[in-house]
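Reader: I would like to walk through this model with you, one question at a time. Could you show it to me?

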Amino acid sequence: GKLRRAVVNVRDSSKLQQVDHIRSVLLALVSHELQTPISIIKAYASTLARADAQWSDDVVREKLGAIEEESDRLSRLVTRLLYTTQLEASAVSLNPMLIDLPKSSQRVAKRLAELDETHELLVSFPADFPPVMGDPEKIDEVLTNLIENAMKFSPGGGTVSVEGTVEGDYVQVTVGDEGIGISEPEQSRVFERFYRASESGAGTVPGTGLGLHICRILIQAHGGRIWVESQPGAGSRFTFTLPI
Ligand code: ATP
Ligand code: MG
């Protein structure tokens with residue numbers, strides 16, 4: 001009646017759980033992010049195609065405009081998904097040259113400011129800011145993602161700032177906003193693939209949760225780091241470094 005021997009079988013199921021998580025996130029993404037534009041395109045196209053109706057030019061133009069906008073959204077989503085898969089599958093290929101970060105930041109900020117009038121964009125770099133080696137297209141993409149987020153997650157407007165500093169062997173660029181912020185436990189998670197923080201009203205603000213993941217892959221490929229500091233309700237500051 002005594003226990004003489006026990007057989008213990010331990011299995012690590014974390015990989016399986018991870019796969020499960022990715023699957024459910026993908027399903028949610030497909031059902032929401034893909035379904036919404038598809039429904040809108042379908043509805044507008046079939047309205048316009050009705051044989052028994054006559055539409056004024058204004059109505060036709062408005063509906064075609066919406067179809068175009070939703071197609072852009074779909075195309076952006078698919079491109080991002082493919083791009084992430086590509087970045088993860090192979091080492092990122094960089095096309096490095098000397099970049100003038102103050103100039104790139106100005107250019108990206110100006111382009112995004114034209115699409116949004118509720119935010120004030122401030123770009124400030126010291127006069128002696130050095131040029132750095134990097135792939136200009138990839139760095140533009142990182143700046144675009146960070147500034148877009150800063151605007152998107154400060155629905156009340158406010159200032160979005162892009163500041164550069166030199167720290168020893170590195171340059172540092174910070175994109176700051178006065179928006180909704182990110183809670184402490186979620187700050188380390190927002191760089192994960194598909195992760196969207198709960199307070200951002202993930203269901204209402206459009207997005208895929210891939211932007212920061214792509215930023216991290218690109219910055220690490222340049223030998224830099226990226227992180228966030230944030231105060232929920234007061235704003236966020238995303239910083240990346242690049243070696244000089
Ligand atoms: P996508 O960039 O793919 O269109 P997204 O903006 O939701 O979608 P990420 O850019 O990866 O995805 O950001 C992930 C999440 O981090 C966001 O959903 C949001 O919850 C949070 N986040 C990112 N930037 C900010 C910010 N500036 N302020 C507050 N929350 C932010
Ligand atoms: Mg984003």
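This is a predicted model: local features need pLDDT of at least 70, side-chain atom pairs count only at pLDDT 80 or more; totals for chains, interfaces and linings use all residues.

Reader: Which residue has a polar side-chain atom 2.7 Å from an oxygen atom of ligand 1?

Author: Around ligand 1 there are 23 residues, and those that come nearest include Arg 80, Asn 149 and Arg 196. Backbone atoms take part as well: an N or O atom of Leu 210 is 3.1 Å from a ligand oxygen, and a polar one of Leu 212 is 2.8 Å from a ligand oxygen. The side-chain atom at 2.7 Å belongs to Arg 196.

Reader: How much of the area that ligand 1 exposes when taken alone does the protein bury?

Author: The space taken by ligand 1 is the largest cavity. Taken alone, ligand 1 exposes 590 Å². Of that area, the protein buries 98%.

Reader: Which element gives the largest share of the shell around ligand 1?

Author: By residue class, the shell holds 10 nonpolar, 8 polar and 5 charged residues. Helix 2, helix 4, helix 6 and strand 7 each give two or more residues to it. The largest share, 3 residues, comes from helix 4.

Definitions and conventions: Residues are numbered from 1 along each chain as its sequence is written. Chains are lettered from A and ligands numbered from 1 in the order in which they are written. Side-chain values use heavy atoms; hydrogens and water are left out. A residue is near a molecule or strand if one of its heavy atoms lies within 4 Å of it. A polar contact is a pair of N or O atoms within 3.5 Å; within protein, one must be able to donate a hydrogen and the other to accept it, and residues adjacent in sequence count only if both atoms are side-chain atoms. Accessible areas come from the Shrake-Rupley method with a 1.4 Å probe; for residues, only the protein chains shown count as cover. On a 1 Å grid over the protein atoms alone, a cavity is a set of points where a 1.4 Å probe fits but cannot get out, and a pocket is an open set with protein on both sides within 12 Å along at least five of seven lines; lining residues have an atom within 4 Å of a point. A molecule sits in a cavity or pocket if more than half of its atoms lie within 2 Å of its grid points. Helices (H or I, at least four residues) and strands (E, at least two) are DSSP runs, numbered from the N terminus. Ala, Val, Leu, Ile, Met, Phe, Trp, Tyr, Cys and Pro count as nonpolar, Asp, Glu, Lys and Arg as charged, and the others, Gly among them, as polar.
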